[in-house]
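Here is a friendly walk through one protein model. Have a look at the sequence and the 3D view first, then read on.

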Amino acid sequence: MKTSTKKLKINRCLSKPSTLLFANKKSSLVTAIAVALMIPSFSVFADVEEEQEEVERISITGSRLLSISAESPSPVTVIGKDLIKASGATDIADLLNKLPSMAPGLAGNTSNYNGNAGMSSQDLRGQGAKRTLTLINGRRHVGSIPGESTVDMSTIPAALIERIEILTGGASSIYGADAVAGVVNIIMTKDFEGTQLNISGGTSDRGDGNKHGFSLTHGLNFNNGKGNTTFYVSYDEVDEISAKDRPYTNSNWEYIDNPANTELKNQLRAQGLTAEEITEYINNDDIPNFLIGQRYSVTASPTSVVYLGGVAYTFNADGSMRPVRLGESGELFDKDQGLTGVRTDAGGEQLGSYDYQRLRVPVEKLIFNNTLNYEFDNELYFSMDTKYTRAKSESRVFPNSVYGSTLLSADNAFISDELSTLMVEDGVTDLPFGRHFVEMGLSGSDFKRELFQVVASLEGEFANGWSWEFYGQYGKSTSDDTTVNDFYEDRWQASLDSVKDENGNAVCRASIEETWYAREGENYSNCIPHNVFQPMSDELVDYLKVDHTSSQSQTQRVMHFNTSGELIENWAGMIYFSTGLEYRKETSETSPSPIYREGLGGWNTLSRPVIGNYDVKEAFFETNIPLLSDVFLAESLEVSLSGRVSSYSEAGTNTSWNIGSVWKPTDDVMVRVSRSKSARAPNINEQFTTESEGFAWLYQPCSQNQIKTAEAIVVENCKKMGVNVFVNEEGETTSDMRWYQPGNVVSSGNKELDVETANTLTAGIVITPTAIENFEITFDYWDIKLSNMIDSFNVGTIVASCPEQESLDNQFCNLLTRQDNGVITDVALKTLNLNERRTRGLDIIMNYSFDVFGGEVAINSITQKLIARDIQTDPTLDLVSTVGLYGSPEWKSSLNLSYDYQGSRLGISTRFIGKQKSRLTNTPSIMTHHETPTMLYTDVNFSYKIDDNLSLNVGVDNLFDKKTPQMPNAYSGGANYYLGSSGGLFDTFGRMYFGSVSYEF
């Protein structure tokens, strides 16, 4: 029987595509979406005629179809405004990053290092933020990272969010590129009427990390309710949290040799066992090869440190020498590694590696938003959204520092007689020293960002009943990034090289003779000699320091048209069809400061302008075809098809497609499956980045410590590189190379890149047993195969992988420049198509609610089991499993409990993170603390509606003040060896309090 339909009266508080909406009956559609809910309930809006037989045509995230039967063949998770409000999050990424489906993305606790401090992003399935498409009301949003489409989530006003819909399957055929891993669609509130003031604040258990802010929303209807305009303004300020105030994140844990294991190795060696036999034995006995211990570099000091005659010396304010105050043991470790490698344990005067780091960056943010909606008499709908944001943030890391590789010449004017004598006794001609020059201030950047976007749309219907939509949008984001406490490299070198003139006065050598480091045309007559053994004078700091500003901008223009309606009716029901066209142009420009362009700053860091643009013309279609209806074992069976052809000005033409099916054998069960191919063209940064050069401390895989535990192939390749590899007195294979060496990292894009493709399979079952009211559970399997992945290796992967291959003629070694002795001096980070990544997993989502004591209890859980996460970095190499490594635990889960009673709500949320290792080969026999413990974080919130106008919301995050796992690489928040740094996996803040009060009038 044909179901009668009515013309779609679009409720302007929603924008297509929206959630599944049925208001006239309890439908399996509602059941399907409720399975994904993490909240007790959420409100949906639909205009329904009084006649019960009329059903509204609706749409869902992951589809542009307007149809009656619109279950999604791909899983969709929905987060409602109640949970958003209860979380106390002013940056929605803080809430989303807790979902099991998300890998840690940019946020206030992860963005101190990467040049994007204060920004937030989402990373579905750990495929990278640039493969997660963020939509606002189903439409694209201008990116905030120049050269990318990554959206800064912190620019989206949390108080205006109606709900968030997360589609965790490839959706490029529906929404275009960047939807490789999925879509985060944020539906904003519209048609607000009245005035609402919200004041919020928060602090940590330790009294830092304070945050405060307010938002004001005012909406009014006009022209007899045909029009509505809503104004929104918010201001939020978040203070920093320093790692030095969290000792557990500044504890410098690392693996150290186990003396008992060393003794055993000597015994086995004395018995005549070969090196291979010894390794096999000790890797499988009950004695760990390595223990964990705290080690602090003696150069991590605010005063200069030298190392002579096996003793580490530092200097008093008057320049006099004294031995360094060592750690609790009073010992120096790794004495044979020179000043760059010698260390002590905790308890001394040395600073931790995170002493100057920020666990959360400060952010100041202003957002203005306006919506205008109007329904004309001919049922033509007009809407316009305008947004402006302004934000300030900053990153700070170590002050200018040297770590033992910088040398003072023997005739330096400030080397005392006492120090000179020790140098002669130790056979030292040029003196290595190390120090943090704290007088120069912490290095970093100040960021000032602005974003403007306007979207205008018209929607209506053709005479045949088909709906249509046309919209245009313009967005621009800009950023002025000021590098602070930088220094002129040539002045730095000139001031360090101080000698005595003919009158016995200390002067810069460059002021009296030509030197190799003197910049051409620079006059060094005013050079101030630098006495590194005493505090820096203000005059010297002013001579050396320079602040300089770079600018960035990104512009997005979009024109879009789509139409949707009933195509034809077959034996099982109506076939719905949608098609459309879209044009998009992206333009990006990065303009480095003159200091960067000329390479005049610290370490001669050299950056070039990046100017690029591309446009893309796209045509797409989608259809939903019912195959069976109301027959045995098939209440319904539908197939959905979609396809998109994209023509890029730079990357050529590519296609994306999706085929899915939804089968409902009974009221209690729904089975869904989808298969898709997604394509992502290279972005502007990946193509147009010009060659830039920067200083870095380069890890050396053939160094003394590393080669001791290296595999045989690494040892042989290190020898071929020219490294002096030998067997020490303890019979251990080692070398004379230091662990870290100064070097350069050269980054560049690649205009020869191909598109990357992802083949995604999702298959799931939704169970809604009628015998258990308000209970739903889903099981969804997903499989993502990413081919021709566009990325660049991180520096650590390149240098570590070079000697691990069968031949030195491999793509990793080809990116390195080495000296004759094997020391790596340069690393090329070129954007490449990096072959394959395979990720598979299972999501289990449960939702159950019931009434008790006059209120409602709701239980919601999401669990992710990571089945496979395999990385192939070279076509000649096998896929390498990373499941269980840092950043990729096998199990992640969240559980949400709430009780609602007469306007009050108590919520408890827990987040589970499974065990992880730094390497899959780690076992108790190889090292103690070979894996992190399981971590469980608990958040509590309580909201109370005092009266019809006033409500209160308070909460505590990390209620039990859980610390980070105290083991190497995990104590600072977590890291992923294969995929680069991934802070934010573990909570680093500790217990945090928040609260807000809302008043409506």
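## Ground rules

This is a predicted model, so to speak of local features pLDDT has to be at least 70, while side-chain atom pairs count only at pLDDT 80 or more, and totals for chains, interfaces and linings use all residues. Residues are numbered from 1 along each chain as its sequence is written, and side-chain values use heavy atoms, with hydrogens and water left out.

## A sheet of four strands

Let's start with an open sheet of 4 strands, in the order E32-E35-E40-E39, with mixed pairing. At the edges sit strand E32 (692–699) and strand E39 (816–818), each of which pairs on one side only. On average, neighbouring strands in this sheet are turned by 25° against each other, direction ignored. Some terms here: strands (E, at least two residues) and helices (H or I, at least four residues) are DSSP runs, numbered from the N terminus. Two strands pair if DSSP finds at least two bridges between them. For angles, axes are lines fitted to C-alpha atoms, for helices over the stretch in contact, and the angles run from 0 to 180 degrees between N-to-C directions.

Now look at strand E35 (residues 740–748) and strand E40 (residues 824–830): they pair in the parallel sense over 5 bridges. To find a spot where they meet, pick Val745, whose bridge partner in E40 is Val827.

## A buried asparagine

Next, hop over to helix H5 (residues 259–270), where you'll find Asn261. Asn261 counts as buried because its relative accessibility is 4%. Buried means under 20% relative accessible area, exposed means over 50%, and partly exposed is in between (1.4 Å probe, protein chains only).

What is Asn261 in contact with, leaving aside its neighbours within four places in sequence? The list is Ile282, Asp285, Ile287, Pro288 and Asn289. Contact here means heavy atoms within 4.5 Å.

## Three disulfides

A disulfide is a covalent bond between the sulfur atoms of two cysteines. Here a disulfide is taken to be a pair of cysteine sulfur atoms within 2.5 Å, and the structure holds 3 of them. If you number the bonded cysteines in sequence order, the pairing reads 1-2, 3-4, 5-6.

The link is left-handed, with -75° about the S-S bond. Cys508 belongs to strand E25 (residues 506–508), and Cys527 to the loop between helix H9 (509–512) and helix H10 (538–544), 19 residues apart. Cys508 is buried at a relative accessible area of 0%, and Cys527 is buried too, at 9%.

## The other two links

Another disulfide joins Cys702 to Cys718, S to S 2.0 Å. Its torsion about the S-S bond is about -85°, so this disulfide is left-handed. Cys702 is in the loop between E32 and helix H13 (704–708) and Cys718 is in helix H14 (residues 712–720), so the pair ties together parts that are 16 residues apart in sequence. Cys702 counts as buried at 2% relative accessibility, and Cys718 is buried with a relative accessible area of 0%.

That leaves Cys802 and Cys813, joined by a disulfide with S to S 1.9 Å. Is this disulfide left-handed or right-handed? The torsion about the S-S bond of Cys802 and Cys813 is about 95°, so the disulfide is right-handed. Both cysteines lie in the loop between helix H15 (795–801) and E39, so the pair ties together parts that are 11 residues apart in sequence. Cys802 and Cys813 are both buried.
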